[in-house]
Amino acid sequence: MKLAEALRDPVVLDLRGVVDKSAFMDRCATALALPRWFGRNWDALADCLTDLGRPVALVVTGWQAYATARPSDWETAQDVFATAADTSTTGLTVLLALGTPRGTPLGGSDEEGPASLG
């Protein structure tokens with residue numbers, strides 16, 4: 001998959017306000033327009049991500065609060081994303097947005113203002 005091609009129409013998974021697995025799965029189902037049979041569990045998400053039917057650039061925004069609230073689930077989510085990206089039949093690239101300012105087309109983050117480097 002060519003990343004530039006997929007980035008022309010990225011899928012944004014906005015996780016702002018998500019602090020549990022149920023809400024995470026609901027956001028995935030909505031953002032990715034997953035089928036009705038999606039079981040809202042890690043195995044079902046992995047199955048859906050590996051066969052999305054087209055090249056997809058998935059941009060995950062606002063994930064910091066979920067990662068803090070449920071670090072084990074966030075680690076599992078990252079593993080699922082990585083494995084799906086490696087094994088996708090149509091091409092999947094997952095990008096984690098780091099501090100996208102609020103109000104931008106890619107959603108935003110839970111963080112206040114830009115980070116300082118010193």
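How many aromatic pairs does the count come to by the rule you use?

Author: The model is predicted: local features need pLDDT of at least 70 and side-chain atom pairs count only at pLDDT 80 or more, while totals for chains, interfaces and linings use all residues. Residues are numbered from 1 along each chain as its sequence is written, and side-chain values use heavy atoms, with hydrogens and water left out.

The count comes to 5 aromatic pairs. Rings of Phe, Tyr and Trp (for Trp, its six-membered ring) pair if their centres lie within 6.5 Å; planes under 30 degrees apart count as stacked, over 60 as edge-to-face, and the rest as tilted. One of the pairs is Phe24 with Trp42: the ring centres are 5.5 Å apart and the planes stand at 45°, so this pair is tilted. It links distant parts of the chain, since Phe24 lies in helix 2 (residues 21-31) and Trp42 in helix 3 (residues 42-50), 18 residues apart. Helices (H or I, at least four residues) and strands (E, at least two) are DSSP runs, numbered from the N terminus.

Both Phe24 and Trp42 are buried. Buried means under 20% relative accessible area, exposed over 50%, and partly exposed in between, with a 1.4 Å probe and protein chains only. Another pair is Tyr66 with Trp74, whose ring centres are 6.2 Å apart with planes at 85°, so it is edge-to-face. Tyr66 has 0% relative accessibility and therefore counts as buried; Trp74, at 5%, counts as buried too. Ring pairs join Phe24, Trp42, Trp63, Tyr66, Trp74 and Phe81 into a cluster.

Of its 118 residues, 36% count as buried. The 3 strands form an open sheet in the order 1-2-3, with parallel pairing; two strands pair if DSSP finds at least two bridges between them. Strand 1 (11-14) and strand 3 (92-96) stand at the edges with a single partner strand each, so one side of each is left without a neighbour in the sheet. Strand 1 and strand 2 (residues 56-61) pair over 4 bridges, and Asp14 stands opposite Thr61 in strand 2.

Helix 5 (residues 71-87) lies across strand 1, strand 2 and strand 3, and runs at about 145° to strand 3. Axes here are lines fitted to C-alpha atoms, for helices over the stretch in contact (heavy atoms within 4.5 Å), and angles run from 0 to 180 degrees between N-to-C directions.
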